[in-house]
Amino acid sequence: MNKTEIFDRCFSAAQHYRDTGRHKQVNFRYNPEVRTEFDFSSWKHERDHDSVRSILVEDIRLSADGNVYIMGIDNRYNLKQYANQFPQHHRSYRIDRMV
């Protein structure tokens, strides 16, 4: 999927949220530029960009640096059994790192 397709899907989801107040989920892969300070195994870092992320899009914002961010609720735990155990939290992803 190219950047335009990703942006279009996120934009459509943000419009849907604005118009209805209900979320639409967008799935994508994300290659983080800056790693966490935690000492994860090299296996996690080697495959991190392959893992699918899910976000319930709420807004799209432009930073002062010119980066476009997709903002919403991280939907990593999209099964009800996990969503009750682990609260969803707000996240933002830079669209140029989405794959």
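What percentage of the 99 residues of the protein count as buried? The share is 25%, where buried means under 20% relative accessible area, exposed over 50% and partly exposed in between (1.4 Å probe, protein chains only). This is a predicted model, in which local features need pLDDT of at least 70 and side-chain atom pairs count only at pLDDT 80 or more, while totals for chains, interfaces and linings use all residues. Residues are numbered from 1 along each chain as its sequence is written, and side-chain values use heavy atoms, with hydrogens and water left out.

**View 1. Overall order of elements.** The protein has three helices and four strands. Both kinds of element are DSSP runs numbered from the N terminus: helices are H or I with at least four residues, strands E with at least two. From the N terminus on, they run α-β-α-β-β-α-β. Among contacts in the protein with a separation of 6 or more, 48% come from residues 24 or more positions apart. Contact means heavy atoms within 4.5 Å.

**View 2. The open sheet.** Four strands form the sheet in the order β1-β2-β3-β4, with antiparallel pairing. At the edges are β1 (25-29) and β4 (90-94), each of which pairs on one side only. Neighbouring strands are turned by 50 degrees against each other on average, direction ignored. Two strands pair if DSSP finds at least two bridges between them. Axes are lines fitted to C-alpha atoms, for helices over the stretch in contact, and angles run from 0 to 180 degrees between N-to-C directions.

**View 3. Strand β1 beside β2.** Five bridges join β1 to β2 (residues 52-62) in the antiparallel sense. Gln25 stands opposite Leu56 in β2. In a regular strand the side chains alternate between the two faces of the sheet.

**View 4. The Ser54 contact.** Ser54 lies in strand β2. Its relative accessibility is 11%, so Ser54 counts as buried. The Ser54 side chain makes a polar contact with the side chain of Asn27 at 2.7 Å. A polar contact is a pair of N or O atoms within 3.5 Å; within protein, one must be able to donate a hydrogen and the other to accept it, and residues adjacent in sequence count only if both atoms are side-chain atoms.

**View 5. Helix α1 across the sheet.** Helix α1 (residues 3-20) lies across β1, β2 and β3 (68-74), running at about 70 degrees to β2. Ile6, Cys10, Ala13 and Ala14 of α1 are buried. They cover an arc of only 100 degrees around the axis, so they sit on the same side of α1. The arc is that of the directions from the helix axis to the C-beta atoms. The buried residues of α1 pack against β1, β2 and β3. On the other side of α1, Thr4 and Asp19 are exposed.

**View 6. The ends of α1.** At the start of α1, a side-chain oxygen of Asn2 reaches to within 3.0 Å of the backbone nitrogen of Thr4. After α1 comes Gly21, with a positive phi near 80 degrees.

**View 7. Phe7 and its contacts.** Phe7 is found in helix α1. Its relative accessible area is 30%, so Phe7 is partly exposed. Not counting residues up to four places away in sequence, Phe7 touches Ile60, Val68 and Ile95. Phe7 and Val68 are 61 residues apart in sequence and 9.5 Å apart in space, C-alpha to C-alpha.
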